[in-house]
Amino acid sequence: MSGVRRVAGTARQLLPDLRRGAPAHRSGLAPVSAAQAQAVPALAARDVTRRFGDREALRGITFQAAAGETIAIIGPNGAGKTTLLSILGGVLRPTSGDVSRDPRDVGWVPQQPAVYAKLSVAENLALFARLERVADPGAVVARMLDQTGLRDRAGDELGTLSGGNRQRVNIAVGLLADPDVLLLDEPSSSLDPRQRARLWEFVGALARGGTAVIFTTHNVGEAERYADRVLVLADGELLFEGTPAALHEAVDDAEGRRDLEAAFVRFLHERGH
Ligand SMILES: Nc1ncnc2c1ncn2[C@@H]1O[C@H](COP(=O)(O)OP(=O)(O)OP(=O)(O)O)[C@@H](O)[C@H]1O
């Protein structure tokens with residue numbers, strides 16, 4: 001699904017029409033009480049479908065993410081994971097259904113981001129801060145360098161950084177507008193185990209700070225370790241939503257109860273995938 005991925009890094013800036021729309025939960029309603037605010041999800045997808053010609057890439061996807069929650073979307077190749085993330089991030093329009101958040105409140109870290117290898121870390125952040133039209137780009141870049149631990153690499157060309165540090169810059173770009181929700185498309189796929197551990201440490205700290213994090217992965221073990229809940233997508237359908245422990249329980253198989261990858265494969269097999 002490289003088409004979406006290729007444009008994804010810049011598409012949030014190129015789709016002002018999508019970004020102007022008022023989020024559903026803010027549209028002219030009276031202010032909510034503290035108790036009601038607790039109940040308002042950080043993001044809700046309602047009956048989202050997406051067609052590409054005759055192909056139904058997503059069928060009636062409904063789920064919610066709470067503030068501070070980490071959700072992993074897992075599923076076979078072509079299941080619709082990137083399509084769903086692109087819709088949540090406002091990069092792609094759904095054919096029907098809706099997403100509760102304005103894309104301006106949602107940070108998007110595509111698998112192939114549009115950062116520039118020949119620019120320095122700080123120059124990349126400053127460029128995207130201006131594209132995001134943040135109020136004080138200089139202050140935001142300084143905050144992101146501190147938050148990502150990249151201050152001492154600020155002047156280095158991006159192309160000279162390790163994969164792990166490049167991924168930090170990608171995430172920093174997604175966080176420039178201080179979003180309540182962060183979307184990460186296969187964030188660890190090109191990282192070695194040590195860099196993966198650092199990435200998840202960083203993401204964990206964001207979630208503890210209240211950011212809702214939704215990521216896709218083919219690494220089921222990672223979903224088990226780092227996600228509060230997993231969504232299993234296959235052929236555009238949401239087949240399962242629950243904790244990793246509940247996915248173990250969902251299969252009637254001893255190996256599946258020990259190993260989440262085995263449970264996942266068994267689960268898909270039992271449902272004809
Ligand atoms: N721009 C497009 N035009 C036509 N078909 C598309 C387009 N984007 C996605 N699709 C199709 O939609 C379906 C879902 O694709 P998507 O990339 O979202 O799956 P995925 O779960 O992210 O896959 P992978 O794990 O391989 O990255 C696939 O059948 C794909 O071929």
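This is a predicted model: local features need pLDDT of at least 70, side-chain atom pairs count only at pLDDT 80 or more; totals for chains, interfaces and linings use all residues.
These are my notebook entries on what I looked up in this structure.

**Entry 1**

The average pLDDT of the protein is 85, and 86% of the residues score at least 70. For the complex, the predictor gives an ipTM of 0.98 and a pTM of 0.85.

**Entry 1: the overview**

I counted elements next and got 12 helices and nine strands. Of the 273 residues, 41% count as buried. I also checked contacts between residues at least 6 apart in sequence: 70% of them join residues at least 24 apart.

Then I looked at the record. An unreviewed UniProt entry carries the annotation "domain: ABC transporter" for residues 43–260. In the model, the end C-alpha atoms of that span lie 26 Å apart. The span is 36% helix and 26% strand.

**Entry 2: the six-stranded sheet**

In what order do the strands of the six-stranded open sheet sit? I read across and got E5-E6-E7-E3-E8-E9, with mixed pairing. E5 (106–109) and E9 (237–242) are the edge strands, each pairing on one side only. Ignoring direction, neighbouring strands are turned by 15° against each other on average. A reminder to myself: strands of a sheet pair through backbone hydrogen bonds, either parallel or antiparallel.

**Entry 3: zooming in on E3**

Is it buried or exposed? Five of its five residues are buried, so the rest of the structure largely encloses this strand. The cut-off behind that is 20 or more other C-beta atoms within 10 Å of a residue's own. I checked the two faces separately. Thr 70, Ala 72 and Ile 74 are buried on one side, and Ile 71 and Ile 73 are buried on the other.

Next I looked at the partners of E3. It runs parallel to E7 (residues 212–216), joined by four bridges, and Ala 72 stands opposite Phe 215 there. E3 also pairs with E8 (residues 229–234), again in the parallel sense and over four bridges. In E8, Arg 229 is the bridge partner of Ile 71, while Val 232 stands opposite Ile 74.

**Entry 4: the nonpolar core**

Which residues touch the most other members of the largest nonpolar core? That core has 67 residues, and the answer is Leu 88, Leu 125, Leu 176, Val 181, Leu 183, Ile 214 and Phe 264. In general, nonpolar side chains tend to be buried together in soluble globular proteins.

**Entry 5: the three-stranded sheet**

There is also an open sheet of three strands, in the order E2-E1-E4, with antiparallel pairing. E2 and E4 (96–99) stand at its edges with a single partner strand each, so one side of each has no neighbour in the sheet. The twist averages 20° from one strand to the next.

I went through the pairs. E1 (residues 43–52) and E2 (residues 55–65) are joined by seven bridges, and Ala 45 has Phe 63 as its bridge partner in E2. Two residues lie between these strands in the hairpin, where Gly 53 takes a positive phi near 60°. E1 and E4 pair over three bridges, with Asp 98 in E4 as the bridge partner of Arg 46. Helix H4 (residues 81–88) lies across E1, E2 and E4, at about 125° to E1.

Most residues other than glycine have a negative phi. Asp 178 isn't a glycine, yet its phi is positive, about 55°. I found Asp 178 in the loop between H7 (163–175) and E6 (181–185). Asp 178 is partly exposed, with 13 other C-beta atoms within 10 Å.

Asp 235 also has a positive phi, about 45°, without being a glycine. It lies in the loop between E8 and E9. I noted Asp 235 as partly exposed, with 18 other C-beta atoms within 10 Å.

Note on methods
Residues are numbered from 1 along each chain as its sequence is written. A residue is buried if 20 or more other C-beta atoms lie within 10 Å of its own, exposed if 12 or fewer, and partly exposed in between; C-beta atoms are placed from the backbone. Two strands pair if DSSP finds at least two bridges between them. UniProt positions are given in the numbering used here, feature names are shortened, and annotations may be inferred rather than shown by experiment. Axes are lines fitted to C-alpha atoms, for helices over the stretch in contact, and angles run from 0 to 180 degrees between N-to-C directions. A nonpolar core is a set of buried Ala, Val, Leu, Ile, Met, Phe, Trp, Tyr and Cys residues joined through C-beta atoms within 7 Å. Two residues are in contact if their C-beta atoms, placed from the backbone, lie within 7 Å. pLDDT is the predictor's confidence in each residue, from 0 to 100.
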